[in-house]
Amino acid sequence: MFERIQPAPPDPILGLSAIFAADNRAHKINLGVGEYRDATGVTPVLDVVRTAESRLFESAPNKVYLPIDGTPDYGRVVRELVFGTGSGEQANTVTVQSPGGTGALRIAADFAARHFSQARVWLPDPTWANHPKIFEAAGLTCHSYPYYDAASRQLDTERLLAGLAETQAGDLVLLHACCHNPTGVDIDDDTWAAVARILAERGALPLIDFAYQGFGDGLEEDAKGLRIFRELVPELLVASSFSKNFGLYQDRVGALSVVTADAEQASSVLSQLKICVRTSFSNPPAHGSALVTTILNDSDLRSAWLDELAQMRDRINGMRQSLAQGLVRSGATQDFSFITQQKGMFSFSGLNPQQVERLREEHAVYIVGSGRINVAGITPNNLEGLCTAICAVL
Ligand code: LMR
């Protein structure tokens, strides 16, 4: 039976890491996958995570199954983080723990496919390369709405609002809460409110992907748009990821939170989400969520985490400045100051696929085919080589 199976292309992001690993050139630079690296080029385990791990080790939790939707404590800390202090106990909102943010999106996709099978899924243009694949894998059809204006390198507000006015009752609309992946261009407060009003009017269901909380302007600041939104729409889904802000990439820690009209609806939705989980991965992994819960429930650990998160954010913003300046020093004639205005881990460089390929072939610099650069992978050591390579392919 396997004779007729055709080989699939490598994943455009994670597949790049495998090609990079096989590259023997000593000066190679990996700015593909969105992983934070420190100034020495290492992806650190946060000190606060090590502390929480040793506490967990000493308290020797058992290894029995978690509840299908994860622990209630984890759900509560996630809701406080996403919706603000005091939101943990709101009866109209439920949370299921998921393996990473991708797991949360897939639960949302499965839930939509089961209950709103005619739903069209609207994704921003551009978006994370995995987004359409997740929804299509669940059997849903994806459409794009305008988001980014390549000429001005800004949000295309007018076309965004016009595009979302095309949505219908029952459609699912995905928005990035902050640090838009891949462009780094975010929605401003007024536009969040305008988008919320359009979706509420049309009856479309918003799904907010919140993978980079704390990597833009700060933990609370990055949630501002989402919280404006929550005031204006009756129903909402939020997919959280703790891969980046806790550095727990391989522990696969995420959550799907659903805001409904009341406690009764919340309970029905939760019961159906549990079926999506049970038929997909049964129940969630425990280690990463126990770390997040331990850290967020302890005021000292929480403030140590906020410090480490700020250090990561500040280093990335410093590298944005250095990249923009380094390109000028290396002879770039075009204006790269936009790099300093983008938010989060990524910079949408504007390099075309041929230039991206030349970067890889001729200079051993790996960035995603869309021209997305992981700024969090730039270090004082690789900066000069990177700028020289970019200027050579421009
Ligand atoms: C990325 O966009 O690089 C990250 O979200 C990692 C991934 O899974 O693609």
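Domain bounds here come from an automatic or database domain assignment. With those bounds, the shell around the ligand takes at least three residues from each of domain 1 (2-46 + 301-393) and domain 2 (49-298). The model is a predicted one, in which local features need pLDDT of at least 70 and side-chain atom pairs count only at pLDDT 80 or more, while totals for chains, interfaces and linings use all residues. Residues are numbered from 1 along each chain as its sequence is written, and side-chain values use heavy atoms, with hydrogens and water left out.

So who sits around the ligand? The shell, meaning residues with a heavy atom within 4 Å of the ligand, is made up of Ile13, Val33, Gly34, Trp128, Asn181, Tyr212, Lys244 and Arg372. Three of these side chains make polar contacts (pairs of N or O atoms within 3.5 Å) with ligand oxygen atoms: Arg372 at 2.8 Å, Trp128 at 3.0 Å and Lys244 at 3.2 Å. On its own the ligand exposes 260 Å², and the protein buries 83% of that (areas by the Shrake-Rupley method with a 1.4 Å probe).

Now for the strands, which are DSSP runs of E at least two residues long, numbered from the N terminus. Seven of them form an open sheet with mixed pairing, in the order β2-β10-β9-β8-β7-β3-β4; two strands pair if DSSP finds at least two bridges between them. At the edges stand β2 (93-98) and β4 (141-146), each with a single partner strand, so one side of each has no neighbour in the sheet. Inside the sheet, β9 (residues 236-241) and β10 (residues 254-259) pair in the antiparallel sense over six bridges, and Val238 has Ser257 in β10 as its bridge partner.

Terms used. A polar contact is a pair of N or O atoms within 3.5 Å; within protein, one must be able to donate a hydrogen and the other to accept it, and residues adjacent in sequence count only if both atoms are side-chain atoms. Helices (H or I, at least four residues) and strands (E, at least two) are DSSP runs, numbered from the N terminus.
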